Amino acid sequence: MKFATRTIHAGQPSEPETGALVAPIFQTSTYEQESPGQDKGFSYSRTNNPTRQRLETVLAELEGVPYAAAFASGLAAENAVLQAYLRPGDEVIIPLDVYGGTYRILNKVYQPIGVVTKQIDTGDLKAVEAALSARTRLVWIESPTNPRLLISDIAAISKLAHARKGSQVDGKSSLGDRTLVVVDNTFATPCFQQPFELGADIVVHSVTKYLAGHSDTVQGAALAKEAAVFEPIKFLQNATGAVPSPFDCWLTMRGLKTLELRMQRHEENALAIAKALNGHALVHRVYFPGLASHPGHDIARRQMTGFGGMVSFELDGTLEEVIAFASSRRYFTLAESLGGVKSLLCHPATMTHASIPAEARAELGLSDTLLRLSPGCENAEDLVEDLLAGLAEVASARASRKPVGATAR
Ligand SMILES: *Cc1c(COP(=O)(O)O)cnc(C)c1O
């Protein structure tokens, strides 16, 4: 089955009892047992639920591995992975541009219990090699990153992590001291990037974004290709209980059926916008991996089958101008999150990345004039026109404020 066929057919047969083309939502907390301990594979919906199980089957098929666990949010999925593998004294390597929530959970939840976070430029393989130590338990990769869409070489990093002395699979022990590579595949989705083929051990998703795709549910997932790697994550899904509701799982399955169609449109729209903004007088810099000028362009071409649907740019103006631009777009709703059919725009410094202190943001290159766009599935010309109109408004507001006799800069 090719990718688009899998999104529609994998794990989604017609309902056996009635022939219903779309499986019902199994909105139940518990299941009848024939005699004590004799159930039909379902005993309680925190542990397992038929609707959730179907979603997990589809997600696993899309990432090309046997194991997936669905969670109540992307961060709940991340937490299961962190909790499964990090103990006091262990080290985790994360990218500079890592998702703000990942930064926060590591620094506010795991660092106080003795986990060491090394935040480095994972685009620099020498830096990765230097950061790896005998205590490195996880190498956390996000590619493209959020919000600057920087690219890391997943295959090369996986090779380095797995070659670390003491990290090799020895065939006898289950996991030993292995360094595991985790890829947050939220931005690329399995439609454009298959991390397991590149060497990843674990993939996490904010299903909330492109996978569900309609900005109507919050969910997450963690996947693995080896049973031994998956088992502790699956255990925590039940033991700590951050599971999604059957209805939310059903919504995601509905959304997934159009994943490829949507991703193609998101990418087309992102490219049209990147081209329109690139070189504009009021745009300082455009971040889109599909532009040949993007520093990660070559690696992205090698490891992705599409460049994704996100575009970020730095407006060449004051914070006031950036805020005016962001607050008055016709089609880009000012909101956190991304990946839905309706276009969104966000100002990371005051919104998604506000939990990172200002000095740390500056060090990470997260400018206060950076705007992140999540083009939806609208018409590309409408979206471009809306953005260019916004830039024209900035220019005319500037001109009208200019004192008489002042010269243009
Ligand atoms: C949104 C997001 C998360 C967190 O997912 P939630 O569903 O919001 O908990 C993690 N990683 C990335 C890249 C994200 O964009």
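1. Helices and strands here are DSSP runs, numbered from the N terminus. On that basis the protein chain has 14 helices and 12 strands. The model is a predicted one.

2. Overall shape. The C-alpha trace of the protein chain spans about 90 × 55 × 35 Å along its principal axes. How does the radius of gyration of the protein chain agree with that of a compact globule? For 409 residues, a compact globule would have a value near 22 Å. The protein chain has 22 Å, so the two agree.

3. Where the ligand sits. The largest pocket is the space taken by the ligand. The shell around the ligand holds 15 residues. Gly-74, Asp-184, Ser-206, Thr-208 and Lys-209 are the closest of them.

4. Make-up of the shell. By class, 7 of the residues around the ligand are polar, 4 are nonpolar and 4 are charged. Which element gives the largest share of this shell? Helix H3, residues 74-85, does, with 3 residues.

5. How much of the ligand's accessible area does the protein cover? On its own the ligand has 380 Å² of accessible area, and the protein covers 92% of that.

6. The loop between S4 and H6. Strand S4 covers residues 136-142 and helix H6 covers 154-163; Pro-144 is found in the loop between them. Please look at the backbone here, residue by residue. The peptide bond that joins Ser-143 and Pro-144 is cis, with omega about -5°.

7. Is the peptide bond from Asn-146 to Pro-147 cis or trans? This bond is cis, and its omega is near 10°.

8. Leu-149. This residue lies in the loop between S4 and H6 as well. Leu-149 is not a glycine, yet its phi is positive, near 60°. When going through the loop, view Leu-149 together with the cis bonds at Pro-144 and Pro-147.

How values were computed:
Residues are numbered from 1 along each chain as its sequence is written. This is a predicted model: local features need pLDDT of at least 70, side-chain atom pairs count only at pLDDT 80 or more; totals for chains, interfaces and linings use all residues. Side-chain values use heavy atoms; hydrogens and water are left out. A residue is near a molecule or strand if one of its heavy atoms lies within 4 Å of it. Accessible areas come from the Shrake-Rupley method with a 1.4 Å probe; for residues, only the protein chains shown count as cover. On a 1 Å grid over the protein atoms alone, a cavity is a set of points where a 1.4 Å probe fits but cannot get out, and a pocket is an open set with protein on both sides within 12 Å along at least five of seven lines; lining residues have an atom within 4 Å of a point. A molecule sits in a cavity or pocket if more than half of its atoms lie within 2 Å of its grid points. Helices (H or I, at least four residues) and strands (E, at least two) are DSSP runs, numbered from the N terminus. Ala, Val, Leu, Ile, Met, Phe, Trp, Tyr, Cys and Pro count as nonpolar, Asp, Glu, Lys and Arg as charged, and the others, Gly among them, as polar. The radius of gyration is taken over C-alpha atoms; the globule rule is 2.2 Å times the number of residues to the power 0.38.
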